[in-house]
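Have a look at the picture, then read on.

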Amino acid sequence: MSAPDFEPRHLDTVKPSSARIYLHMITGEVIYEADLPFINQLYTAIPFYPKWARHNRAFLGRAVRHMASHGIRQFLDIGSGLPAGGNTHEVARELITDPRVVYVDNDEEAVNRARELLTRHQLGDTTAMVDADLRRPARILEHPETRRLLDFTQPIGLLLISVLPWITDEDDPAAVLTQLRNVMPPGSQIAMTHVSLEDAGPEIRSQVAAGASVFAEASTPVTLRTRRQFASFFDGWTLTEPGITYATDWHADNPTDIDADDDARRCNFAATATLS
Ligand SMILES: C[S@@+](CC[C@H](N)C(=O)[O-])C[C@H]1O[C@@H](n2cnc3c(N)ncnc32)[C@H](O)[C@@H]1O
């Protein structure tokens, strides 16, 4: 086997990472045995977590298809996570030839695995994995790989799928989003999801609160936000139909699949918007 032509980042395998946990919830894969006690604690606290994660991931796919079908040919996917199937470049390729995709994550394993995947599939001409932090958007925007692949005179699909809950209010998400929006060309689109308890019933509320405290103790703290706070993240953008809804419900492939009795679906807000 030939050596990879990228330099793997140092891995912190001691602290459970949101990226590894999320991958596990979608695929069942355990990357480090050391994560298992934490994963089991989360299963106990939030039994619906795997379903939530798969619904969130499915929204990502529908949002990318929606953007691609509206002429978007390049994507900036921040908090992209570990490659899990249905990655942005794969979904976009269903509809367009050679989409440009810049992935960004601050998780070592996500960076290493995505680089390995992109190298293995020889996708370096059209895709890149940038090791950067959403809290420092200038570093993302000025990164040589971002500048190499994205044309800031043409519409960009900006994806922030379930990454803002990992940004605290002290990190000033509004300022982060303003910096990103200010460089997006007209016609760009944004897609975001965000965990929330606002519409959830008491049982789901207590489960999510228990899960959030598991994260706070062992990993990165999660910030839950209200519908109004989530809506404010779209300031300066125009929401597309149907506005803010649940990830499951947003342009559902088959509306009859939406389970109105599934209270858990009400704890993940989703929306897309355009920039004029
Ligand atoms: C729940 S996963 C979502 C993955 C993917 N966006 C999806 O929806 O399928 C959240 C991801 O955000 C990343 N993340 C968390 N905080 C971040 C930050 N400050 N900057 C960049 N990435 C971050 C985590 O490492 C993780 O990969």
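1. Is tyrosine 49 buried or exposed? At 7% relative accessibility, tyrosine 49 counts as buried, where buried means under 20% relative accessible area, exposed over 50% and partly exposed in between, with a 1.4 Å probe and protein chains only.

2. A word on the source: this is a predicted model, with local features needing pLDDT of at least 70 and side-chain atom pairs counting only at pLDDT 80 or more, while totals for chains, interfaces and linings use all residues. Residues are numbered from 1 along each chain as its sequence is written, and side-chain values use heavy atoms, leaving out hydrogens and water.

3. Searching the whole structure turns up seven aromatic pairs. In tyrosine 49 and tryptophan 52, the ring centres are 5.9 Å apart and the planes sit at 75°, so this pair is edge-to-face. (Rings of Phe, Tyr and Trp, taking its six-membered ring, pair if their centres lie within 6.5 Å; planes under 30 degrees apart are stacked, over 60 edge-to-face, the rest tilted.)

4. Tryptophan 52 is buried too, at 12% relative accessibility. Both residues belong to helix α3 (residues 49-69), three residues apart, or about one turn of the helix. Helices here are DSSP runs of H or I with at least four residues, strands are runs of E with at least two, and both are numbered from the N terminus.

5. Now for tyrosine 246 and phenylalanine 269: their ring centres are 6.0 Å apart with planes at 15°, so they are stacked. This pair links distant parts of the chain, 23 residues apart: tyrosine 246 is in strand β7 (residues 245-246) and phenylalanine 269 in strand β8 (residues 268-274).
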